[in-house]
Amino acid sequence: MSETIVDEYSSPISVERLWRAGVCDFKNLMPKLLPQVLSSIEFLGGDGGVGTIQQYKLIKANEQFGDVKDRIEVIDHKNHIFKYSVIEGGLVGLKLKSFVAEITLNSTREGGCLAKMKIEYESLEDSLLSEEEITRIKDGNLAIMKATEGYLLANPDAYA
């Protein structure tokens with residue numbers, strides 16, 4: 001079975017700064033901002049562009065999912081669209097056949113940003129993810145966004 005999950009988040013941070021910090025420098029910034037979740041992110045192949053394989057080293061509290069590997073499918077710097085597929089780890093192999101996420105950042109009239117997330121997944125069995133599992137996915141993405149936003153608010157010259 002397949003399902004699509006959508007969510008959005010408004011931020012006072014400009015699209016350009018959020019893109020540079022939260023997408024372009026994700027590999028370096030996230031382990032610093034979320035040390036309780038990530039110990040490191042490594043490129044296993046590629047240079048950060050389309051086709052790059054990344055491995056997320058999770059801390060012990062998150063080891064039930066093991067390390068997560070994803071592949072960058074789209075990174076559109078002009079239109080601020082980032083799309084990736086989880087190829088190993090997380091719920092892939094446990095409950096899901098596939099997991100593809102797309103994040104789009106759009107400018108708001110106020111000078112901030114509206115981040116839209118769309119996740120498409122296919123389950124291994126004939127049941128979809130539970131509401132609790134969907135909430136955990138959304139909350140995880142929100143935590144990344146809030147951590148990035150908090151860092152950029154506290155450091156107004158960063159990624160300017």
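Biologist: Is I41 buried or exposed, and what is its relative accessible area?

Modeller: Burial is read from the relative accessible area, where buried means under 20%, exposed over 50% and partly exposed in between, with a 1.4 Å probe and protein chains only. I41 has a relative accessible area of 5%, so I41 is buried. Please keep in mind that this is a predicted model, in which local features need pLDDT of at least 70 and side-chain atom pairs count only at pLDDT 80 or more, while totals for chains, interfaces and linings use all residues. Residues are numbered from 1 along each chain as its sequence is written, and side-chain values use heavy atoms, with hydrogens and water left out.

Biologist: Where is the place of I41, and which residues does I41 touch?

Modeller: Helices (H or I, at least four residues) and strands (E, at least two) are DSSP runs numbered from the N terminus, and I41 belongs to strand β2, residues 38–45. A contact requires heavy atoms within 4.5 Å. Leaving aside residues up to four places away in sequence, I41 touches F26, K27, M30, P31, Q54, Q55 and Y56. For one of these, Q54, the C-alpha atoms lie 6.6 Å apart in space, although I41 and Q54 are 13 residues apart in sequence.

Biologist: How many aromatic pairs does a search of the whole structure find?

Modeller: Rings of Phe, Tyr and Trp (its six-membered ring) pair if their centres lie within 6.5 Å, and planes under 30 degrees apart count as stacked, over 60 as edge-to-face and the rest as tilted. The search finds 3 aromatic pairs. Among them is the edge-to-face pair of F26 and Y56, with 6.2 Å centre to centre and 70° between the planes. Because F26 lies in helix α2 and Y56 in strand β3 (residues 53–58), the pair ties together parts that are 30 residues apart in sequence. Another pair joins F82 and Y84, whose planes stand at 40° with the ring centres 5.9 Å apart, so this pair is tilted. F82 is buried at 13%, and Y84 is buried at 15%.

Biologist: What lies over the face of F43?

Modeller: A charge sits over a ring if NZ of Lys or CZ of Arg is within 6 Å of the ring centre and within 35 degrees of the ring normal. Here K27 lies over the face of F43, at 5.1 Å from the ring centre.

Biologist: How many residues does helix α3 have, and which of its residues are buried?

Modeller: The expected span of a helix is 1.5 Å times one less than its number of residues. Helix α3 (residues 131–154) has 24 residues and reaches 34 Å from its first C-alpha to its last, close to the expected 34 Å. Its buried residues are E133, I134, I137, M145, A147, T148, E149 and L152, and they pack against β1, α1, α2, β6 and β7.

Biologist: At what angle do the axes of α1 and α3 cross?

Modeller: Two packed helices are described by the angle between their axes and the distance between the axes. Axes are lines fitted to C-alpha atoms, for helices over the stretch in contact, and angles run from 0 to 180 degrees between N-to-C directions. The axes of α1 and α3 cross at roughly 120° and come within 10 Å. At this crossing, R17, L18, A21 and G22 in α1 meet M145, T148 and L152 in α3.
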